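Here is a colleague's note for someone meeting this structure for the first time. Please read it with the sequence and the coordinates open beside you.

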Amino acid sequence: MEIQLQELIDQIKRDGVEAADAEAKSMLDDAKAQAEKIISDAQAQADKILVNAKNENERMVKSSEDAIRQAGRNLLISFRESVTRELKAIVGENVATLYSSDALAQLIINVVERWADKPDAEDISVILNSSDLKLLEETLLAALKDRMLKGVVLKANDNFDGGFRIAVNNGGAYYDYSTEAVVDMLSNYLSPKVTELLKEAE
């Protein structure tokens, strides 16, 4: 009886130890699996943060480069516009100076002479603003008196500031030598030349 009791106690101890060992092993395996999962999740999160940081850095670098390029383009456009404005102002001053001098009368005379020599040119009208016509009328009438007999007439029109316009064939053809038209024409001609010079300077 005593031997059986001892065997029973030993059996219970063995079973308890084995159960405890099995539970401890299970707990250890669970803890190990959880630790591996935590490490794996942390690594994945770290990789994601690193990828996001890299993408954000690339985006910021590209954005900065784009902003610098745009600023450079804006600066160049602004500079070209400024040069074009200055060029137009210089051309305007020179044309205005020419048109406010005695050279205007001579220029009109030369243009009329050339137009009057064309076989298909009839009824030539020289159009000036009122103040220029009053100022130049005597000179023009004296210089063009022979042409006046052949249909050349002087007219006033205050729709433009300076210069003159030529109308031929009863207004069928119209040529604008007004200050504004000549400044625009010269500026448009010179602007591409200036652009080329600016490109050469880059």
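This is a predicted model: local features need pLDDT of at least 70, side-chain atom pairs count only at pLDDT 80 or more; totals for chains, interfaces and linings use all residues.

1. The mean pLDDT of the protein is 78, and 84% of its residues reach 70 or more. Among the elements, strand 1 has the highest mean pLDDT, at 87, whereas helix 4 (residues 145-149) has the lowest, at 72.

2. The largest nonpolar core has 27 residues, and the ones with the most contacts inside it are Ile108, Val126, Leu128, Leu140, Phe164 and Ile166. At least two residues of this core come from each of helix 1 (2-99), helix 2, strand 1, helix 3, strand 3 and helix 5, with helix 2 giving the largest share, seven residues. Valine 126, taken as an example, is in contact with Ile108, Val112, Val152, Val153, Leu154, Lys155, Arg165 and Ile166, once its neighbours within four places in sequence are left aside.

3. Helix 3 (residues 130-143) has 14 residues and spans 19 Å from its first C-alpha to its last, which is close to the 20 Å expected at 1.5 Å a residue, and a bend of about 55° is found at leucine 136. Leucine 136 is also one of the buried residues of this helix, together with Asp132, Leu133 and Leu140. The cover over the buried residues of helix 3 includes helix 2 (103-116), strand 1 (125-128), strand 2 (153-156) and strand 3 (163-168).

4. Not counting residues up to four places away in sequence, threonine 179 touches Val95, Tyr99, Gly162 and Gly163.

5. The structure holds six salt bridges. In one of them arginine 59 pairs with glutamate 56, the closest N and O atoms being 2.7 Å apart; these two are three residues apart in helix 1, so about one helical turn separates them.

6. Aspartate 184 forms a salt bridge with lysine 88, the closest N and O atoms being 2.8 Å apart. Because aspartate 184 lies in helix 5 and lysine 88 in helix 1, this pair ties together parts that are 96 residues apart in sequence. Both partners are partly exposed, aspartate 184 with a relative accessible area of 28% and lysine 88 with 39%.

Methods:
Residues are numbered from 1 along each chain as its sequence is written. Side-chain values use heavy atoms; hydrogens and water are left out. Contact means heavy atoms within 4.5 Å. Helices (H or I, at least four residues) and strands (E, at least two) are DSSP runs, numbered from the N terminus. The expected span of a helix is 1.5 Å times one less than its number of residues. The bend at a residue is the angle between axes fitted to the seven residues ending there and the seven starting there. Buried means under 20% relative accessible area, exposed over 50%, partly exposed in between (1.4 Å probe, protein chains only). A nonpolar core is a set of buried Ala, Val, Leu, Ile, Met, Phe, Trp, Tyr and Cys residues joined through side-chain atoms within 4.5 Å. pLDDT is the predictor's confidence in each residue, from 0 to 100. A salt bridge is a side-chain nitrogen of Lys or Arg within 4 Å of a carboxyl oxygen of Asp or Glu.
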